[in-house]
Amino acid sequence: MQQSFWGVFVVVMGILTITFIYIFQSLTISGEHNYNLLKEVTEAAMIDAVDLAAYRDEEVIRIDREKFVENFVRRFAENASLSRTYVVKIFDVVEEPPKVTIEISSSEQGSTGSEVVDFTIQDRISAILETPY
């Protein structure tokens with residue numbers, strides 16, 4: 001009888017361990033995906049938003065605010081995971097010198113038995129466009 005209780009205990013602990021590993025793996029993958037996506041999309045959108053007319057006339061590197069926001073949202077939507085809901089907050093877009101501050105929040109849910117756990121993953125980046133002279 002005692003051996004069967006130990007067997008049940010080991011099986012239940014194994015199932016709980018696998019559940020916790022699955023939850024934390026999905027959280028870390030989500031966080032890493034969001035950060036890399038935010039970093040790459042911000043850089044690409046800033047390069048696309050460079051105002052070439054201002055550079056030709058005045059030799060000043062400047063980005064167009066509306067073009068940056070449009071490019072950022074389009075690129076982010078193309079590469080974001082469709083199973084999550086994202087909140088994109090653009091705090092600061094400075095045209096000259098080119099600087100942006102963006103925050104992305106996504107919600108991740110996991111369940112451990114009858115309890116539902118909700119995590120909010122937030123990534124924030126401030127980027128400055130640097131160019132060699």
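Trainee: Why is arginine 75 called partly exposed?

Mentor: Its relative accessible area is 24%. Buried means under 20%, exposed means over 50%, and partly exposed is what lies in between, with a 1.4 Å probe and protein chains only. Since 24% falls in between, arginine 75 is partly exposed. Before we go on: this is a predicted model, where local features need pLDDT of at least 70 and side-chain atom pairs count only at pLDDT 80 or more, while totals for chains, interfaces and linings use all residues. Residues are numbered from 1 along each chain as its sequence is written, and side-chain values use heavy atoms, with hydrogens and water left out.

Trainee: What makes arginine 75 and aspartate 48 a salt bridge?

Mentor: The rule asks for a side-chain nitrogen of Lys or Arg within 4 Å of a carboxyl oxygen of Asp or Glu. Here the N to O distance is 2.4 Å, so the pair qualifies. Aspartate 48, at 29% relative accessibility, is partly exposed too.

Trainee: Which parts does that pair tie together?

Mentor: Arginine 75 is in helix 3 and aspartate 48 in helix 1, so parts 27 residues apart in sequence are tied together. Helices here are DSSP runs (H or I, at least four residues) and strands are DSSP runs too (E, at least two), numbered from the N terminus.

Trainee: How many salt bridges does the structure hold?

Mentor: There are 7. One of them joins the side chains of glutamate 96 and arginine 62, at 3.0 Å from N to O. That pair links distant parts of the chain: glutamate 96 is in the loop between strand 1 and strand 2, arginine 62 is in the loop between helix 2 and helix 3, and they are 34 residues apart. Glutamate 96 is partly exposed at 41%, and arginine 62 is partly exposed at 21%. Another bridge has glutamate 78 and arginine 74 meeting at 3.6 Å, N to O.

Trainee: How far apart along helix 3 are glutamate 78 and arginine 74?

Mentor: They are 4 residues apart, which means about one helical turn. Glutamate 78 is exposed at 55%, whereas arginine 74 is partly exposed at 37%. Elsewhere, salt bridges that share partners join Glu58, Arg62 and Glu96 into one network.

Trainee: Why is the pair of phenylalanine 72 and phenylalanine 76 called stacked?

Mentor: Their ring centres are 6.0 Å apart and their planes are at 15°, so the pair is stacked. Phenylalanine 72 is buried at 0%, and phenylalanine 76 is buried at 6%. Phenylalanine 76 also forms an edge-to-face pair with tyrosine 86, at 5.2 Å centre to centre and 85° between the planes. Tyrosine 86 counts as buried because its 17% is under 20%. Phe68, Phe72, Phe76 and Tyr86 form one aromatic cluster.

Trainee: How do you know that threonine 101 is buried?

Mentor: Its relative accessible area is 7%, and that is under 20%, so it is buried. Threonine 101 sits in strand 2 (residues 99-112). Leaving aside neighbours within four places in sequence, its contacts (heavy atoms within 4.5 Å) include Phe91 and Arg124.

Trainee: What makes arginine 124 sit over the ring of phenylalanine 91?

Mentor: A charge sits over a ring if NZ of Lys or CZ of Arg is within 6 Å of the ring centre and within 35 degrees of the ring normal. The charged end of arginine 124 is 4.3 Å from the centre of the phenylalanine 91 ring.

Trainee: And is tryptophan 6 buried or exposed?

Mentor: Exposed: its relative accessible area is 51%, which is over 50%. Tryptophan 6 is in helix 1 (residues 2-48).

Technical notes:
Phe/Tyr/Trp six-rings, centres within 6.5 Å; stacked < 30°, edge-to-face > 60°.
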